[in-house]
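The following note sets out, point by point, what may be read from the model shown below.

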Amino acid sequence: MSEKSDLPQGTLDLLLLKIVALGPVHGYAIAQRLQQVSRDVVQVPQGSLYPALHRLENRGLLAADWKETETGREAKFYRLTRKGKAELETEAASWERLTQAVGLILRMSEGGGE
Amino acid sequence: MNWWQRLWRRGEIEEQLDKELRFHIEQHAADLMERGVNPAEARRLARLSIGGPEQVKEKCRDARGTRWVEDLAQDLRYALRMLRNNPGFTVVALVTIALGIGTTTVMFTVLNGVLLRPLPYPDANQLVALHGHSRDWNDKIFGRQKLAYLDFRDCQRESRTLEIAGIVFNGGTVSEPGEPEYVNNLDEISANLFSVLGVPLAYGRAFLPEEDRMDGAPAMILGHSFWQHHFGGSLQALGTSVVLDQKRYTVVGIAPAGFRLYGAEPDVYTPVGQDPAGYLKLRQAHPTNVIGRLRPGATLAQAQNEEGLVGRRLAEEYADTNKGRSLEIEPLRPEEVDDVRSTLWLLLGAVSLVLLIACANVASLLLARAVSRERELAMRAALGASRGRLVRQCLTESAVLGLAGGALGILCANLGVHPFVAFWPGSLPRAEEVQLDWRVLVFALGVSLLTGILFGLAPAMRAPARRLEEALRAGARTVAGSSRRLHSVFVGSEIAVAVVLLIAAGMLGRTLLRVSSLDPGLNVANLLVARMALSPAIMADPTRIPAAWQDVLERARQVPGVQAAAAVDIVPMREGNNQLGYWVSADMPPKEKLPFALASSASLNYLQVMGIPLLEGRFFNDEDRLGAQPVIVIDTVLAKDAFGGKDPIGRHLWIPDMPCPQIKQDANGKTVETSVDCTEPYTIVGVVGHVRYWGMAGDDQAEVRAQLYYPFAQVPKLFLRRWSELMSIAVRTNVAPLSVLEPLKAAVRGAAGDQVLYEVRTMQQLAGESLALHQFLLLLFGIFAGLALLLACVGIYGVLAYLTTQRVPEIGLRMALGATPRQVVGMVLRQSLGMILPGVAAGFVAAIAAGRVLAHLVNAVRPTEPLTFALMVCVLMAAALAASFVPARRASRVDPMTALRQE
């Protein structure tokens, strides 16, 4: 298992929106998917998953319904609202721009070293 | 869901939150068990990985955005429960706060009514006052100058920005209907006064413009109280006639109840334009009060500009009377009475100090409780409450306490404010405006919240977040030591404030003692003074006036019990005075730079009646009449001010504003008498003792103390009528002075039976009234200081009792090791002294500053009185040590075995 790194400030919301965008999903599944997809690199700060979900729900970016899981238990499934979709697009775009810019700067400094 | 819905469906949301988290943990545990972890361990790991279910729930609640409302409701419930469960604490705290806020609110209510409330006219902010200002006028002594009637008429006619009304104060004898009565508040008004003020009459109509002229039909408006007294409030009064100074007026209107002008309710109103009095035709006399209302769209600045121009034009056009005069405009404000203003602020300051002590007391009570609740708070922190959350909870508790105490305080204030106003010495200006209004409520609520937060802050700041385990592990007992310093601060500040109030009360007491033993300068016993109105028929014919006064004094002297009677225009220690500038040579500085003296015109035997000692020369005699050399008699202060040590007899004073007529021919060749500056000197013929004219307490600091007397017999004929309107008589009796009043009234009635005495006082009453403010202040400060002392002692007692209880095991150990009870008492008293002494020191310094304020605001108080300081500090130390003694003795009786077993 490789070294874990903390999430940069504010990126948790973006990741949550992205995961929920793939289809209605409950909190436990979100936690697992985050871990799997990021190959255990990203560690969700202990105890911050649900507060973040509830915050997004209160902001109207997520909506939630109670549905049955495959195992027949009732769970709270989150889905993306239209407002959440728009938010995801703008946030994702700005994340792209930011990482590209940071990448450019990092490569430039390597080039200067040669 | 908006936040409102979220708030309402809180129960459901909580349930769902719980269900959601339970699902997560169970799923996770199930997954772990599938991987072979044993069930108990799996559940533990699942709970751990989610971050502790309770803490996560707290954070989710925070994310909801409605958190503060829920918390507030929860805190409120919690606070109320705490208060209910500690009835003893709650009652003591509530009574203390209610007392503090109640007294403060009473004082603020009075201050608000007297100083802050706007004038009771509609759109009062559109009203302005017009003043005149002469270059040689001494504002400091005479205050703002009014306008000449003719100048007022010019302004009224020319102003485009203002609608202007004028009022001339007068007095007169109403001889019909009923018994003849002198009315002191006769307001001569321009026809538009009521419309300018925006106040409709209660009944009837206002004056018509054509009535506000010399040839107008005599019309009168009655003041509401006058109407009630004389007409029993009957509407039949409208259209009937009233005879005022021999002129028959028809009543056309009744003013509304409670309507006041310049702080007083007028008795009757007449149109000023009908008054033929000479001084209304002179531009050098300034009797007219002028009020304006801004016309729609006009601003104060425009009005100031316009009237400034009018003033300059008048100064050019009437150079001989208006040169150097300008017109000034400012917003109309309630009349201000300086000593009432400073007294009110002083008292508000004093009650705020009492409130501070009350706060400190409640704070130390709360602190003691907070210390014993430390474990509980630590537990709550462990369960996920943040530090801010705990602080907020503590503050909510104290705010609830503050608000509840404040509400009680407002109730008390509501009951107490009217008795307090009635208790005020003399008459409180605008007393009718003193009532609880929104300003008072805002003030009281603000103060309650502020005090709640103030006394809750210290305990709240102790809410723990650090040293959690330590607090949880330790018993409440061992934590106590850390709060000792805070307790000392509370006790110290209570002591400091009590010192300030005690010393202030002591200074007032000493001042009162000193001032009442002073020599008033006259014999106050068996002396009756009253204003006197001669018959209107005599007043109309000045040649009859001197004989009429002779007659009055002669008849008064024949009343059984009366030894002697004199006439004078101003009476010591009573309202009303006449201040004139003087100089010792004809070569005078500008008028506004002259030194001033109080000038009384008196009849021949004035000295003898008043009991004022003649020190040198002579008083007036029959030779001092019109045409003879003008003479004056001065007092010792004027003698010293003007001539130093030199003998003043035979020397001269120049007094430009003394009544000095000049006979001139006017444009039509008619001889007219006018008043001019007096250029002839006055010869000093005697020196008399100084009289405490400004009252027993006020005289030493008075702006104008020098006094001079001139014979009434030398007042020129032109002024006899005006002077006679102001005259009083003084009667020396050999029986109780008030017992001669009825026979005296009957004796001076005169042939027509329409001469009346009014404003009757004994000199003893006047001297007493001049000390009333000091007595009042002393009483209040005495009460405040007593309260402060009591609260401080209760505070010391409570804190020491608490601290010694905390120290019982330690004391037991000491005693087991051989300490005697006496040593234990000494130890506790030393601890108490350690809190008291810094408080006394701080209070001492503050009292020096407070003493200066007091000396500045209250007449005759000396800023530092070492004896008072020492005495009051001793009183306080004694009381504080006595309060400490009870817990100290209790500590000395600790049974070492029991105490040690507790540990």
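1. Chain B has a mean pLDDT of 86, and 95% of its residues reach 70 or more; pLDDT is the predictor's confidence in each residue, from 0 to 100. This is a predicted model, in which local features need pLDDT of at least 70 and side-chain atom pairs count only at pLDDT 80 or more, while totals for chains, interfaces and linings use all residues. Residues are numbered from 1 along each chain as its sequence is written, and chains are lettered from A and ligands numbered from 1 in the order in which they are written.

2. Over residues 476-480 of chain B, pLDDT stays under 50, and the model has 11 contacts for this stretch beyond four places in sequence. Two residues are in contact if their C-beta atoms, placed from the backbone, lie within 7 Å. Where pLDDT is low, predicted coordinates should not be read in detail.

3. The secondary structure of chain B amounts to 30 helices and 23 strands; these are DSSP runs numbered from the N terminus, with helices (H or I) of at least four residues and strands (E) of at least two. Among contacts in chain B between residues at least 6 apart in sequence, 82% join residues at least 24 apart.

4. The radius of gyration of chain B is 38 Å, whereas a compact globule of 903 residues would have one near 29 Å. The radius is taken over C-alpha atoms, and the globule rule is 2.2 Å times the number of residues to the power 0.38. The C-alpha trace of chain B spans about 135 × 70 × 55 Å along its principal axes.

5. Of the 903 residues in chain B, 42% are buried, that is, have 20 or more other C-beta atoms within 10 Å of their own, with C-beta atoms placed from the backbone.

6. For the complex, the predictor gives an ipTM of 0.85 and a pTM of 0.76. In the interface, 18 residues of chain B are in contact with 12 residues of chain A. On the side of chain B that touches chain A, the elements giving two or more residues are helix 2 (10-34) and helix 4 (53-63) of chain B; helix 2 of chain B gives the most, with 7 residues. The residues of this side divide into 6 nonpolar, 8 polar and 4 charged, where Ala, Val, Leu, Ile, Met, Phe, Trp, Tyr, Cys and Pro count as nonpolar, Asp, Glu, Lys and Arg as charged, and the others, Gly among them, as polar.

Methods
A residue is buried if 20 or more other C-beta atoms lie within 10 Å of its own, exposed if 12 or fewer, and partly exposed in between; C-beta atoms are placed from the backbone.
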